[in-house]
Amino acid sequence: QVQLVESGGGLALAGGSLRLSCAASARTFIGMAITWFRQAPGKEREFVAAMSWSRLSTNYASSVKGRFTISGDNAKNTVYLQMNSLKPEDTAVYYCAAGTGWPIIQYHYWGQGTQVTVSS
């Protein structure tokens, strides 16, 4: 069983930065693709960024491309989401998910989420 724990959320000003972490409890994390999703109040969950199991391929939503960067550290069983130039519309609960396959990913594990609030 893989457990995912997100951290790093909080309050930021528009134009500021935050770095989210997704830490896994098991080494099986290494063979899995990792995706960040977010869900704002009253809205559907949306894709933010994904990284392949090899950590060599990435995908980004158009709304965050050029501002967010996904990266991984297999030695620490952790994937990061560096968020720069934050906007109020980035406010949401951010979740990480781990799964198999690329670029179509079948998700097996989800974290509990971390709140990101961006004020103008």
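Cys-22 and Cys-96 form a disulfide with an S to S distance of 2.1 Å, where a disulfide is a pair of cysteine sulfur atoms within 2.5 Å. Cys-22 belongs to strand S3 and Cys-96 to strand S9, so the pair ties together parts that are 74 residues apart in sequence. The torsion about the S-S bond is about 70 degrees, so this disulfide is right-handed. The structure holds 1 disulfide.

The model is predicted: local features need pLDDT of at least 70, side-chain atom pairs count only at pLDDT 80 or more, and totals for chains, interfaces and linings use all residues. Residues are numbered from 1 along each chain as its sequence is written, and side-chain values use heavy atoms, without hydrogens and water.

| Cys-22 | S3 (residues 18–24) | 0% |
| Cys-96 | S9 (residues 92–100) | 0% |

The protein has 0 helices and 11 strands; these are DSSP runs, helices being H or I of at least four residues and strands E of at least two, numbered from the N terminus.

The largest nonpolar core has 31 residues, and Tyr-94 is among those that touch the most other members. Such a core is a set of buried Ala, Val, Leu, Ile, Met, Phe, Trp, Tyr and Cys residues joined through side-chain atoms within 4.5 Å. Strands S3 and S9 are among the elements that give two or more residues to this core. Tyr-94 touches residues including Trp-36, Val-48, Phe-68, Leu-81 and Met-83, contact meaning heavy atoms within 4.5 Å.

Technical notes. Buried < 20%, exposed > 50% of the residue type's maximum accessible area, 1.4 Å probe, protein only. Lists of a residue's contacts leave out its neighbours within four places in sequence.
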